[in-house]
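Please keep the sequence and the model in view while reading.

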Amino acid sequence: VELVYANPVSCLLRIALGAYAVYWCVPRGREFYDYSHQLAEGLSQPQIMFKAKTYNGQEVMVDDYREAYWWLRDKTPEDARVMAWWDYGYQITGIGERTTIADGNTWNHEHIATLGLILSGNEQKAHSIARHLADYVLVWAGGGGDDLAKSPHMARIGNSVFRDICPGDPTCSKFGFYQGGQPTPMMEECLLYKLTMHGQRGIAANESLFQHVFTSRYGKVRIFKVRRVSLKSKKWVADPANRRCDAPGSWYCVGQYPPALAPLIARRKNFAQLEDFNTKRSSEDEAYDKEYHERMSGRKGPSDGPGGGGGSKGRPGLWYLGCVGAEALLGEERTYSGGADGSTLAEARAFAKEAGSRYVALARSGMDGHAFAIPALPPDWKAGSLDDAGCSTPCLDFQAYGCGCADELCAEAGVSAVRGEEHVRRWAIYEVVAKGKKKAKKGSPKDEM
């Protein structure tokens, strides 16, 4: 062995292999280092203010979120509790200096589901719960990535614990919007819709239950005061004797719900039965899990839900331009939305029109997806054009046309992330045109859009 190892030829071979390894690894290591630092810098500079253009083309600074949080700080009692979807919890606490019901560190799935139950329920039912937990309710409104865009997730998370929210339908397909933006009956009656749309289209919250107290300058945030708050429950929760801490004097206290909510909490189904693979699940849990994934993947869907029924007829007024895998090719002025805006052409068109944008890009992920409204495409966007199976993932409403793909749907299509992208995406890009408008050239169904 020593003779072979000390052999000049063997030494030269090892040196050559080592040099090649260094030659191959160093540039890739530098590329990874640069990319990691660029990503870290982007993630470490969150913005709650941004530039936008009004319908008349005027450029404005949208400062609605800071404005709302400072209103909480300046106009509400110091012991006020604010109910909002968990996404905004840190901002409410850090900028608004008020207690929030949930934030990004709320690992208790059942608690998040309870918020989902409140927001997706009708006003009377929601108020009967909220009055024991919060003094104010804050919602993001104004389109784009507002709370209505997130609403499907609220109902689904709630239904995973409270199965009577959407009986027999784990994806809550009837909690959404029809083509053209018309809400389903369930959506139209829910608290979230009433608060988000308050003051528009003749829609108003029941102010004997939730009193409107603030709307930001551009309508991005609305705040409502919970009427007839249970002072008994509030006092009980604030009592240190009712806190459950891991050790005396510890900062980690899981807290408890007030006794008035005991019947509700007793109804909750422990979500660990679905996510804990070390625990034997019942046949009911297995069936629920299977049904959920089949519907989310698009392999199974309701016949009477939004976008159901095997697709729509006619033309939604969009012209297919192409498909890309890099988000940067969609331009810097893009506006994000989610939910049905990223899986149905009708909703995508309505979103783009509302944003005053000429183009829209979709990346479908099951019954939902991602969408960007785009005022203008970069001149070089076609340099990254793709034409693979991921681009052709059918839309939920017009199944002859592609809505792109995201994550699991891209994996099913056998495509991967393009170089430099963190997520697997195929963005189907469309131009908004007048409905019924036809182009001179003939082509595939995509081209005829």
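Two strands are taken to pair if DSSP finds at least two bridges between them. In this predicted model, that criterion applies to strand β5 (residues 136-140) and strand β7 (residues 221-226), which are joined by 5 bridges and run antiparallel. Within this pairing, Tyr136 has Lys225 of β7 as its bridge partner, and Trp140 stands opposite Val221. Strand β3 (residues 81-83) is joined to β5 by 2 bridges, and these two strands run parallel. Here the bridge partner of Val82 is again Tyr136.

These pairings belong to an open sheet of 5 strands with mixed pairing, in the order β4-β3-β5-β7-β6. Its edge strands, β4 (99-100) and β6 (210-215), each pair on one side only. Helix α3 (residues 64-75) packs on the sheet, where it touches β3, β5, β6 and β7, and its direction makes about 20° with that of β7. Helix α6 (residues 123-130) also packs on the sheet, touching β3, β6 and β7; the direction of α6 makes about 85° with that of β6.

How many of the residues of β5 are buried? The strand is mostly covered, with 5 of its 5 residues buried. Tyr136, Leu138 and Trp140 point one way from the strand, whereas Val137 and Val139 point the other way.

Trp24 lies in helix α2 (residues 8-43) and counts as partly exposed because its relative accessibility is 42%.

Attention now turns to charged residues. Side chains of opposite charge can pair when their charged atoms come close. The structure holds 13 salt bridges. In one of them, Asp63 meets Arg66, with the closest N and O atoms 2.6 Å apart. Asp63 is buried, at 18% relative accessible area, while Arg66 is partly exposed, at 21%.

Another salt bridge joins Asp164 and Arg267 at 2.7 Å, N to O. This pair links distant parts of the chain, 103 residues apart: Asp164 is in the loop between α7 (147-159) and α8 (185-189), and Arg267 is in the loop between α11 (262-266) and α12 (272-275). Asp164 is partly exposed, with a relative accessible area of 41%, and Arg267 is partly exposed, with 40%.

Arg358 forms a salt bridge with Glu431, the closest N and O atoms being 3.1 Å apart. Arg358 counts as partly exposed at 47% relative accessibility, whereas Glu431 counts as buried at 12%.

Note on methods:
Residues numbered from 1 in each chain as written. Predicted model: local features only at pLDDT ≥ 70, side-chain atom pairs only at ≥ 80, totals over all residues. Heavy atoms only, no water. Helix = DSSP H or I, 4+ residues; strand = E, 2+ residues; numbered from the N terminus. Buried < 20%, exposed > 50% of the residue type's maximum accessible area, 1.4 Å probe, protein only. Contact = heavy atoms within 4.5 Å. Axes fitted to C-alpha atoms, helices over the stretch in contact; angles between N-to-C directions. Salt bridge = Lys/Arg side-chain N within 4 Å of Asp/Glu carboxyl O.
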